[in-house]
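The report below covers side-chain pairing and domain packing in one protein model. Please view the sequence and structure first.

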Amino acid sequence: MNRRIGDLVDQIFQRLRPKAKSLIITVYGDAILHHGGSAWLGSVINLVEPLGLNERIVRTSVFRLSKEDWLASSQIGRRSYYRLTDLGRRRFDAVNGRIYYHVSTPWDGRWTLVALNTAGAGPEERDTVRRNLGWLGFGQLANSVMLHPDPDKVAMRNALTDTGFAERAMVMTAEAESWTSPDVIRDIIHSSWDLERLAVDYDEFLDMFRPLWQSLSGNGELDPQMCFVVRTLLMHGYRRALLRDPMLPDELLPANWPGTTARQLCRNLYRLVQAAAETHVMSMLETAEGPVPEAHPIYYTRFGGLQSGDAPPSSPPIFEPAANP
């Protein structure tokens, strides 16, 4: 691994400035979930050390993630093991579906609206349900009305259930009348979602990771530890932009939308480094029963299809939705 690649990775670290807790969420979602979702804390500490996280920071972060119901711990002898909770898995399934398995399809012109009955709900409850729907791409049309042109309806229902609003929300599907002005639709889109800021986020992602792709794609043999670092930073940077992306249909997006290019770059770089990164993960992580299990088959359907080698398959497998390992 040449010095140029190391310098590029250092520059990405400096630009992303990832917070420890958020980085560990990325690692669990991208590297641990498909290996069973559970690992000895000591091995997690060793795994994330190249990401600049020391033992104290990791222990503090996983403790906080446990308080937020992302992780649950168990003690076997003198070792602590942290696994994803059921809620944590559902959160990852919703997000991972958007990251790894999104397929753009023609829009049918219909909108999904969620009208929330917030009477009696506290500020924290209201903020939580809006934030969780926001993670799924919903925009806020009015104070208690969220909308999206093509949402993941299973994830939407789970979000309402997890926040206690399943019985306090009216969900409906509607279509604009034919005489509705395109200017009105455009204004609603711009008032409900900050597409200008999102475009800037995607342009920054492209600016960070294009040079890395160019250097790595012609580098030959790849170092497993560095590939793990690259894959983690890639997903952390992509997720940072994607979680603000409503994933609007192409018909509603501006021309030359940078999100499309960013997804292509993310897919190509992920495919390039994933096999070596997996080698490193398998060599580092431990469970109570020994080394972590092999990757669940669903892992190899990410980004249209992965294989054990560095090169992408010539015929990607048929798309499959995310599933719990």
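Asp207 has a relative accessibility of 46% and therefore counts as partly exposed, a class lying between buried (under 20% relative accessible area) and exposed (over 50%), computed with a 1.4 Å probe on protein chains only. Arg15, at 43%, is also partly exposed. These two residues form a salt bridge in which the closest N and O atoms are 2.9 Å apart; the term requires a side-chain nitrogen of Lys or Arg within 4 Å of a carboxyl oxygen of Asp or Glu. The pair links distant parts of the chain, with Asp207 in helix H9 (residues 195-217) and Arg15 in helix H1 (residues 3-16), 192 residues apart. Helices are DSSP runs (H or I) of at least four residues, numbered from the N terminus.

The model is predicted, so local features need pLDDT of at least 70 and side-chain atom pairs count only at pLDDT 80 or more, while totals for chains, interfaces and linings use all residues. Residues are numbered from 1 along each chain as its sequence is written, and side-chain values use heavy atoms, with hydrogens and water left out.

**Salt bridges**

A search of the whole structure finds twelve salt bridges. The table lists some of them, including the pair described above.

| Asp207 | Arg15 | 2.9 Å |

Asp30 counts as buried because its relative accessibility is 3%, and Arg231 is buried at 0%. Both residues belong to a network of salt bridges that also includes Glu278 and Arg302.

Asp183 and Arg186 lie in helix H8 (residues 182-192); being three residues apart, they are separated by about one helical turn. Asp183 is partly exposed at 41% relative accessibility, and Arg186 is partly exposed at 42%.

**A buried polar side chain**

Gln274 sits in helix H11 (residues 258-284). With a relative accessible area of 1%, Gln274 is buried. Its side chain makes a polar contact of 2.7 Å with the side chain of Tyr299. A polar contact is a pair of N or O atoms within 3.5 Å; within protein, one must be able to donate a hydrogen and the other to accept it, and residues adjacent in sequence count only if both atoms are side-chain atoms.

**Domain interface**

The protein is divided into domain 1 (1-105 + 195-307) and domain 2 (110-175), with bounds taken from an automatic or database domain assignment. Their C-alpha centres lie 27 Å apart. Twelve residues of domain 1 are in contact with eleven residues of domain 2, contact meaning heavy atoms within 4.5 Å.

The two domains bury about 830 Å² between them, 62% of it on carbon and sulfur atoms. Buried area is the accessible area (1.4 Å probe) that two parts lose on being put together, summed over both.

Across this interface the rule finds one salt bridge. Between the domains there are three residue pairs in polar contact, with both residues at pLDDT 80 or more. The side of domain 1 that touches domain 2 has eight nonpolar, one polar and three charged residues. In this classification Ala, Val, Leu, Ile, Met, Phe, Trp, Tyr, Cys and Pro are nonpolar, Asp, Glu, Lys and Arg are charged, and the others, Gly among them, are polar.

Technical notes: Helices (H or I, at least four residues) and strands (E, at least two) are DSSP runs, numbered from the N terminus.
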